[in-house]
Amino acid sequence: MIWEVIFGGFFQVINMGRLTAAAAVALWLWTAAVAAEYVKYKDPQQPVEVRVRDLMSRMTLAEKIGQMTQIEREVSSADVINKYLIGSIVSGGGSVPRPQATAEDWIDMVNAFQKGALSTRLGIPLIYGIDAIHGNNNAYKATIFPHNVGLGVTRQGSGAGQEDRRCNGSRSQSNGDSLHLRALYSCEDPRWGRCYESYSEDHEIVQMMTEIIPGLQGEVPPNYPNNFPFVLPRGKVAGCSKHFVGDGGTAYGINENDTVIEWNELQDIHMPAYLDSIRKGVATIMISYSSLNGIRMHANYDLITGYLKNTLKFEGFVISDMRGIDRLTDPPHSNYTYSVQVSILAGLDMIMVPDAYKEFIDDLTFLVNANVIPMSRINDAVRRILRVKFIMGLFENPLADLSFAHYLGSQEHRELAREAVRKSLVLLKNGKDGDGQLVPLPTRSERILVAGSHADDIGNQCGGWTIDWEGHSGNITVGTTILTAVRNSVDPDTKVVYNENPEAEYVRANNFSYAIVVVGEPPYVESSGDSTTLTLDESAYATITNVCGAVRCVVVLVTGRPVVIEPYIGEIDALVAAWLPGTEGQGVADVLFGEYGFTGRLARTWFRTVDQLPMNVGDAIYDPLFPFGYGLMTSPRVMLRMNKMRVFLVFLCLWAAVAEAETLKYKDPKQPLNARIKDLMRRMTLEEKIGQMTQIESKVASPDVMKNYFIGSVLSGPGSVPVAKASAADWVNMVNGFQKGAVSTRLGIPMIHGIDAVHGHSNVYKATIFPHNVGLGVTRGLETFAPCIAVCRDPRWGRCFESYSEDHKIVQAMTEIIPGLQGDLPANSRKGIPFVAGKTKIAACAKHFVGDGGTMRGIDENNTVVDPKGLFGIHMPAYYDSIRKGVATVMISYSSWNGIKMHTNKFLITGFLKGRLKFRVMVPKNYTEFIDTLTSLVKSNVIPMSRIDDAVRRILRVKFVMGLFEDPLADLSLARFEHRELAREAVRKSLVLLKNSKDPKKPLLPLPKKARKILVAGTHADNLGFQCGGWTIEWQGFRGNNVTSGTTILAAIKKAVDPSTQVVFSENPGSSFVKGGEFSHAIVVVGELPYVDKTGDSTNLTITDPCPSTIRSVCGSTKCVVVVVSGRPVVMEPDRRAGGGVAARDRRGRGG
């Protein structure tokens, strides 16, 4: 070894007497320095375990805990990684560098994070994780493969492995060396919303598909250690098998539910694929959200440590699911220290935090220092994590490059995905009795019809986990829709007509040779996909009936699981299960038109009715519509002779619409309000009523969605915008697009567009951002925005800045905002009836009913424990005033009152708000109700029709009062108005002077405009995002000056002082700099970082580093005024050096 060579030579020279003592010492020091530079863990020639031991011997507790911490990209930066020694970052579904990010964008982002890790003391590289569920599905233009439900049909694990072998270039080089996820559960109940992530109900097929792991990681070499992770460096990525164990067997198919199962069944059904994965060298295993026989898997020591690590000898690392440990308490994250303790002791090695990393690190450090968690458990976790990093070659090649970037969305990958689509299709029916086979379809015909909601929709083809976590309808990425594929496949003389949802008369009248109907489920993920009915939308079944009842048809089902189809099977000539095929719809057309034959066989049972579920092959009672393994085969045809299809002669019946004998009262603005409501409601179907009760996010809205589902309202939540930096024209065009979809429905009921205008039009680029309510409450009566009328009783609450005051009288005074938004209530108006004065006013929403400002310990969404006297004396008065002033809507709180969730509190919502206060309007929920579920509940008499009618009556009342039926469309007539001077006035009035000079006889304020040189310091002095706080452009707010326009406090100071005054800005100067600068005085601007909701809950209410040190450095060296930019009172007493103190608790907005 080098050490022995150096010192052996050294002593030999001394013994020979050839050096003086001084020279010998000098040489010894030099050789020691050379030896010190050699560290084993940096030497790739050393064995992995030697490198791991050497590195761990050098690591502090903080460095070890950092390696166990995985944080989300959204909260990451090079500085965060360096400071907290973070070991891993994850991009969850939809978490991207920017919309439509390129490979270069991904690489630049990941490398910036990696450089932060490499700049730490030991230079340990981070591992970057991404939810690559069916291709690199976060990446724009990436090839999206069929979901696992389709790949299982192929029964070709080697083919799936080939998919991953050939596609690793786009994954590893668009995202850096990373961790990619593969689901290995056997889905036993298709009601489960994650069933499409499973290959099959049969564990043998799931086991076959573990061949994907060598495709991701590389083939394990001969004589490689058993159960040891293996990843070929460069060009390969680490795989993650999930979710250990049993989540495909939860009771009733409910996501994250309990799997009740005997040990032998668990071993036979859910465990085999994990054994195969470990044998194939899988690097990591993710734990399930679900429980096993009542024990949460994230806390299951027996299975994680006892079985996975000790019995199966798995040597990779075990990772939690996102916020998985938070769910160990109810409500989640309510006792985080406990969650950290039990999960780490259970055997989890890395925690996907993903954003509360400071809390996780602090809690785990405390638990180790208190000897609650032994150091041996920490060392076991870190040893496993480092082992994977060394095996991946991250220490030698930590940075990504562009050498494989050209594979992203390449034609080679698209052809591979197209092949996978062809092999995943299952032909379930081909021809009615006596009519002969329909498939393969002729390519030459006079005209053919393509119909259905999924025919021309890339988002619907791909399903969930595509571009965004939940996926979206629409052309969200690059690919080939099935409609385009059909047009590509037919003869040029064949006319292809597309009509999404045609009436039967239309189909009969147009003499189509045949029709292709493509319908299915909308995109969904996880719990949002859980379904008790497994039915498609009624419009899908209507399309099948209308089309297949009029012309020969093939129905292509684009779904993540078997769905109810038996009632319609008799009408259908040919039926194809296409599952969720991804971006390459051409693969569907290849098989439909006979370029290739159908070869797929069902990898799961297709039920007749949901009452049979769960039903799997091998069950004692097994009576499916299509059994496991079923699938009709066809042969490819090379040439197709042109045969005339049988033509159905249909007489076109010309009919004229007969005007209704009675007047449509609801369209007549001269009719009384209640007469219009009554007339409209009697014309409405149940579907149209439920549509009015449904509010959807603008991200998933479209004119077609509005029309097909009769949607009554669209919400642009925080950060939900038409395009980045959208103009007023962009907003108007988007809203009018949705509105035109709504008014094109049978009854033409306009929609309401809602937006979270919390302190100004805070979603809108360049809009004037006013002070938050915490500052407006100081003014005692400025009329502006957002009537959040919570009474904040504890500033530890992360939404306290949305409240005007702890005093209900001030909150009551601020309800004067409602007439400012809606217009002054006319004399003699009926109590409880909403009022909105025409097109230039808007409907207000008073929130959050009731008591959320008084939750225990200021925890967001917690329980408010207060007797009725306290509730009605403190939290309720502002709601009385709001209703008296004609407020249009009231929003319900996430919180509970005395243990009862407000969203389920019939006494307060129906009994008091509606019954006692006579509130006559809608009470919107904060989530989208699933239309199918509500329809089922009404039809089964669980929810009475009277409850539906009450809700719709209230919604229509607001729409009529707003004048939406007469003026449904927006225009630009008000777009020119700016309100900066009004906001500036609000800022002036919201400031509170708390201290003015250390010597009362020599006040520091007002500051002189003319001075030789002044200092401005602090993190918040030149940061527009910090000034504005949360609910600005994005939900969480932003940092910096490049997201919207306005005046920072530093810019305002420079404008305000005399031109001869030198203004020096230093964000965090040292005391020697201040003392040497000979400043006349200093202005220090510090405060809280932007936050919202739970992310703002704080147990200590301290301002962020380096703010306290800035105060000490500056105010200890010169006269200073400290401006505190915060959403609530914060800890300031320890720093009393300031000569003046201004509370800018409003989050000042843009008028610095």
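Reply: On one side of the contact, Val48, Glu49, Arg51, Val52, Leu55 and Met56 of helix H3 meet Asn379, Val382, Arg383, Leu386, Arg387, Phe390 and Ile391 of helix H16, where contact means heavy atoms within 4.5 Å. By class, the residues of this contact divide into 8 nonpolar, 1 polar and 4 charged; Ala, Val, Leu, Ile, Met, Phe, Trp, Tyr, Cys and Pro count as nonpolar, Asp, Glu, Lys and Arg as charged, and the others, Gly among them, as polar. This is a predicted model, in which local features need pLDDT of at least 70 and side-chain atom pairs count only at pLDDT 80 or more, while totals for chains, interfaces and linings use all residues. Residues are numbered from 1 along each chain as its sequence is written, and side-chain values use heavy atoms, with hydrogens and water left out.

H3 spans residues 48-58 and H16 spans residues 375-392, and their axes come within 9 Å and cross at roughly 130°; axes are lines fitted to C-alpha atoms, for helices over the stretch in contact, and angles run from 0 to 180 degrees between N-to-C directions. H3 is therefore oblique to H16, given that angles under 35 degrees count as roughly parallel, over 145 as roughly antiparallel, 65 to 115 as roughly perpendicular and the rest as oblique. The crossing of H3 and H16 is right-handed, a term for the near helix being turned clockwise from the far one by less than a right angle, with anticlockwise giving left-handed. Helices (H or I, at least four residues) and strands (E, at least two) are DSSP runs numbered from the N terminus.

A second pair can be described in the same terms. The axes of H23 (residues 673-683) and H34 (residues 945-962) come within 10 Å and cross at roughly 130°, so H23 is oblique to H34, and H23 passes H34 in a right-handed crossing. Here Leu673, Asn674, Arg676, Ile677, Leu680 and Met681 in H23 meet Asp949, Val952, Arg953, Leu956, Arg957, Phe960 and Val961 in H34, a contact with 8 nonpolar, 1 polar and 4 charged residues.

Elsewhere in the chain, helix H12 (residues 272-279) is mostly covered, with 6 of its 8 residues buried, where buried means under 20% relative accessible area, exposed over 50% and partly exposed in between (1.4 Å probe, protein chains only). These buried residues are Pro272, Ala273, Tyr274, Asp276, Ser277 and Ile278, and their packing partners include helix H11 (263-270), strand S7 (284-287) and helix H13 (301-311). After H12 comes glycine 281, whose phi is positive, near 85°.

Asparagine 546, placed in helix H21 (residues 538-548), is buried, with a relative accessible area of 16%. Not counting residues up to four places away in sequence, asparagine 546 touches Pro502, Glu503, Ala504 and Val507.

The protein as a whole has 39 helices and 31 strands, and buried residues make up 58% of its 1152 residues. Its mean pLDDT is 86, with 87% of residues reaching 70 or more; pLDDT is the predictor's confidence in each residue, from 0 to 100. Over residues 639-662, however, pLDDT stays under 50, as it does over residues 781-786. Where pLDDT is low, the predicted coordinates should not be read in detail.
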